[in-house]
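Have a look at the model first.

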Amino acid sequence: MSLNIKETIDGSFQLVGADFTHAGEASTQLKQKLAELGVPDGIVRRVAIATFEAEMNAIIYAAAGWLHYCITPQSITIQVVDMGPGIENIELAMQEGYSTAPDWAREMGWGAGMGLPNMKRNSDIFKIDSVVGEGTTVEMIINFP
Amino acid sequence: MKLSDIVNKLSLDVKTYKDGLQHAVTGAYVSDLLSDVMANSKEGHIWITLQAHINIVAVASMKDLAGIIIIGGRQVPEEVLKKADEEEITVMTTPLSAFEIAGRLYQLLT
Amino acid sequence: MNLSEIIKILEATVIVQPDTEDFNIQRACSADLMSDVLYYHAPDSLLITGLTQLSVIRTAEIVGIRAIAFVFNKTPDAQIIEFAQKKKIPLLSTRFCMYTAAGKLYEAGLTGC
Ligand SMILES: Nc1ncnc2c1ncn2[C@@H]1O[C@H](COP(=O)(O)OP(=O)(O)OP(=O)(O)O)[C@@H](O)[C@H]1O
Ligand SMILES: [Mg+2]
């Protein structure tokens, strides 16, 4: 199937801190949309994994946030902006296995310290910006073939 | 079976407390949840996990586990290794996945 | 390996039935931490886990895991079962622990992810 993207498609999802019932909904909906647009499976999966990790971080660490996406014939850009505590040392946070996840999150299956490495690994361009006390923004771009 | 035999047969990389290799292994437990390991692991078990969090040492020590295998080629932080040496817990690593190493160990032990 | 054989080996209860008889699985992954699954997954594999939260099903859906086996006879809540049904992800429940479940399936020929 060839790509069926004629013009820019964009949208947003609101993310609510600690809302585990809806956690992952934004990522699955985005996954579905890309599949419908004819994006190849492997790329859809990369987008879904990266987005899911970013979504989960906002839900675990922040009180609230937004997920914005913008799809063009060339690529998808996903931006997850949260109003959370921010990250003091981004380099440390990016290390595989580094995690400050609270116990309750660990008991729910989060806190491997693989989220940010997973986002980076699945994106073609990965940017993270964070201000302690204000929040964190992750931007990921994944190119289409 | 002695822990040293298992280390040899599974090509594990021993990171801490080599004296522990003399210990007998009674079985294994696979889990990434500390509370689960606290509740369900047994004395003499090898614990297989991806968790390299500092608290794994305390859990292994409290439950008298025979050692911890950290899977997936994960780097174990220095502070965790230091604590494991202090608490006399043998920490080992493997590039294999939890499923794979558990499967091989199961074949050795049963 | 056919899912029916996995069910037999794990002496499992089937919580969500597969929608086809021809349900083949070659690889398995045992984990409780979802990012681990998101990192090391292989599509079309079986996930063996001790967690029954909704995020487990979501993770399976996102990486294309085909079936999930819960250890220690665990069963998820009704809404989560319903969600898995909708996503066509078969759910099994086995009395074995993760170590024994992995051991038996490895012995029978499944490989890791
Ligand atoms: N949005 C965020 N707000 C505040 N802190 C964050 C945010 N995202 C990540 N962090 C910090 O960076 C650490 C590493 O994040 P990462 O997503 O890699 O792992 P994790 O969330 O701890 O575990 P996993 O994602 O594997 O379940 C977190 O433990 C946390 O300290
Ligand atoms: Mg994370």
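Of the 22 residues around ligand 1, Asp82(A), Ser99(A), Thr100(A), Gly111(A) and Met114(A) come nearest; a residue is near if one of its heavy atoms lies within 4 Å. This is a predicted model, in which local features need pLDDT of at least 70 and side-chain atom pairs pLDDT 80 or more, while totals for chains, interfaces and linings use all residues. Residues are numbered from 1 along each chain as its sequence is written, chains are lettered from A and ligands numbered from 1 in the order in which they are written, and side-chain values use heavy atoms, without hydrogens and water.

The site is shared between chains, because residues from chains A and C surround ligand 1. By class, its shell has 11 nonpolar, 9 polar and 2 charged residues (Ala, Val, Leu, Ile, Met, Phe, Trp, Tyr, Cys and Pro count as nonpolar, Asp, Glu, Lys and Arg as charged, the others, Gly among them, as polar).

| Residue | Atom of the residue | Distance to an oxygen atom of ligand 1 |
|---|---|---|
| Asn57(A) | polar side-chain atom | 2.8 Å |
| Tyr61(A) | side-chain N or O atom | 2.8 Å |
| Met114(A) | backbone N or O atom | 2.7 Å |

The protein covers 96% of the 590 Å² of accessible area that ligand 1 has on its own (Shrake-Rupley method, 1.4 Å probe).

Now to chain B: its secondary structure comes to 5 helices and 5 strands (DSSP runs, H or I of at least four residues for helices and E of at least two for strands, numbered from the N terminus). Along the sequence, chain B reads α-β-β-α-β-α-β-α-β-α. The C-alpha atoms of chain B fill a box of roughly 30 × 25 × 25 Å along the principal axes.

Key: A polar contact is a pair of N or O atoms within 3.5 Å; within protein, one must be able to donate a hydrogen and the other to accept it, and residues adjacent in sequence count only if both atoms are side-chain atoms.
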